[in-house]
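Q: Could you take a close look at the disulfides of this model, one after another, and then at a few buried polar residues? I would like a connected account.

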Amino acid sequence: MSRLSTSLLLLALAPAALAHMSIWAPGMYGLNADGSWNSDAGDPVSPIGPDWPDINDWWFRGPAWRALPPANGAVELLPAGGKWDVEIACHYAWTKYGYATTEPGSLLDACPGNPGAYHSGDPGAADIDRSLLSGCALGIADVDNINDVTQENFAIFSVKHDCVGQKQNSFEIPAAMPACTGDKCICGWMWLANNGTGNFYMTAFDCKVTGATSTAKIAAPVDPTWCDPNEYKAGTCTIPGGAKRPLYAYNSESNIVWKGNWDRPGYHANWGFPNDGAQNDIFETAAPVTTTTVKLTTTTTQAPTTTTTTKAAVTTTQAPPVVSTSSSVTTTVKTTTTTTKAAYNPSSTGNVAAGATTTSKATTTTTTTTTQAPTTTTTTTTTTTTQAPTTTSAAPSQTNLALSARAQGSTSESSSPGKAAIDGVIDGYKEDNSGDESKEWVTRHQKVGAWLKLSWKRPVKFNQIVLYDRPNLVDQITGGTITFSDGTGILVPALNNDGSATVLNLAQTKTVSQLVLTVTSVKRGTSMIGLSEIELFLADSSKFTKTISNARNIPRVKVTQYKARHARDFSATGEDFGGDELIVDAGVVRRSAGQDLVEEELFE
């Protein structure tokens, strides 16, 4: 592989290049004859758009790029059944073509010191949130002139779910990939940034399939299909197989339906690309690959429970058998039954945590019998629960609606993800090392401005929110807001520092599909805020002795004018939901009176 010219290396200090990502390979378009980047075409790390109305302006980075084929006829070789290795970085200086090559595998080796370039988590954090990586992909068209590539003949053939998390990347090539009809094919690298502005990347390079033994043709591609994250986890959505077009987003024409800021398009299962690696189902002779859901009938008989007083809640949760089907085989995986005690019981006043139920004991006996016919699976489970009396006079517990939500934090420690705040377990790190940090959500050294979002596939109805701060005595949330998808919000008081229940009884019952808890103040000395748990109930409001009403001025932003390439550079004017004027500078929102507000995601 030839080296880029010295004149290209001299562009290393261009500030704009330090913000985004690009592949770096000699076969790329956009080089001058001497190997330097053409100033009229622009830098390859600059995003395409957003909101460009003419496809001619953004297709393969625009006409200036398409007019500059690779220097010296360089072509990237794609071995059928093998891998194509390429470096991805925010600046060529960090690559093998540059003068400050980073150590492969080192922290942020694709863009050292600049986590914002990865668009995956808090740009001010020490590292990226790899769970938010949006993935990238390679597409190919069996034509040898870039002007002959269209949306109808350009198909994705390889996907990397963890892109752009590292500098060195290997893209798998399908074994059945046929040779190019002409001397070469036209390929493209596709990436859509997750956080921040709507950034779209489509970088062309000349390619050639080597070692081809198949004569199969790539089928005509179709648009990718959206799959709701909750449905995907539950196995209740179908992802069509076959050849797919890239995700064309943020400009016109687009082939995606916008699902909101929290479900941005990317190359992963939720947007129609569940297979990490070679896309082996893209050929005309390949059998379509689909994800099929099989519904099982489960009958559960529970013996009566006898107790002399109101008991702490006992919830029995049975994971459904996992069944894989073919034309003649049904396989049943053994079910598991677990019994857990609810952490909180909504009381008559809504202000009593279930701490007094620690004397309760539960014994669960489970007998599972599985009878399997060639195509039918029946599972019968009998559960008998006996519970000792308790000393709590709380009302009967109700369904904790948070358990059915999807949780996402602004940032998360790898051992303490956002979903730990809705796992039904009240626990977390304690100074005496007695707690379990995997049972709490912990940010990556975030304080004011951190947020936790819960979302549901369908609206849920509740009037009581129970918050549990981290149980250590160092980190404490002393103020916050909760905003709802209906446009309303409430102010959150200081949470109990010992991690016990802080109960918020709502004056107005909510029926919403999303809520966001945002931290607005913390205790002095706090290092890493988070939550042990959040619970939601539909309680008996007639028994509430104190309620919280909707707040008029919630620190969220309705932007009327903005311009920025990065959240940290964001400047805007607008108003909050109460109508007060807001001033936004460098990503920090302030009222016109100067009161500090919460830093917000402003690109929703």
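A: In this predicted model, Cys-90 and Cys-111 form a disulfide in which the sulfur atoms are 2.1 Å apart. The torsion about the S-S bond of Cys-90 and Cys-111 is about 80°, so this disulfide is right-handed. The pair links distant parts of the chain, with Cys-90 and Cys-111 both in the loop between β3 (83–89) and β4 (136–141), 21 residues apart. Both Cys-90 and Cys-111 are buried.

A disulfide is also formed by Cys-136 and Cys-163, whose sulfur atoms are 2.0 Å apart. Here the torsion about the S-S bond is about 95°, so the disulfide of Cys-136 and Cys-163 is right-handed. Because Cys-136 lies in strand β4 whereas Cys-163 is in the loop between β5 (155–160) and β6 (168–172), the pair ties together parts that are 27 residues apart in sequence. Cys-136 and Cys-163 are both buried.

Cys-180 and Cys-185 form another disulfide, with their sulfur atoms 2.1 Å apart, and the torsion about their S-S bond is about -130°, so this disulfide is left-handed. Cys-180 and Cys-185 are buried as well. Across the whole structure a search finds 5 disulfides, and when the bonded cysteines are counted along the chain, the disulfides follow the pattern 1-2, 3-4, 5-6, 7-8, 9-10.

The side chain of Asn-255 takes part in a polar contact of 3.1 Å with the side chain of Asp-223, and the Asn-255 side chain reaches the backbone nitrogen of Tyr-248 at 2.8 Å.

Asp-475, for its part, is found in the loop between β19 (451–469) and β20 (477–484), and at 7% relative accessibility Asp-475 counts as buried. A polar contact of 3.0 Å joins its side chain to that of Arg-470. Not counting residues up to four places away in sequence, Asp-475 touches Arg-470 together with Asp-469, Asn-497, Thr-526, Ser-527 and Met-528.

Methods. Residues numbered from 1 in each chain as written. Predicted model: local features only at pLDDT ≥ 70, side-chain atom pairs only at ≥ 80, totals over all residues. Heavy atoms only, no water. Helix = DSSP H or I, 4+ residues; strand = E, 2+ residues; numbered from the N terminus. Buried < 20%, exposed > 50% of the residue type's maximum accessible area, 1.4 Å probe, protein only. Polar contact = N/O pair within 3.5 Å; in protein donor to acceptor, adjacent residues only side chain to side chain. Contact = heavy atoms within 4.5 Å. Disulfide = S-S within 2.5 Å.
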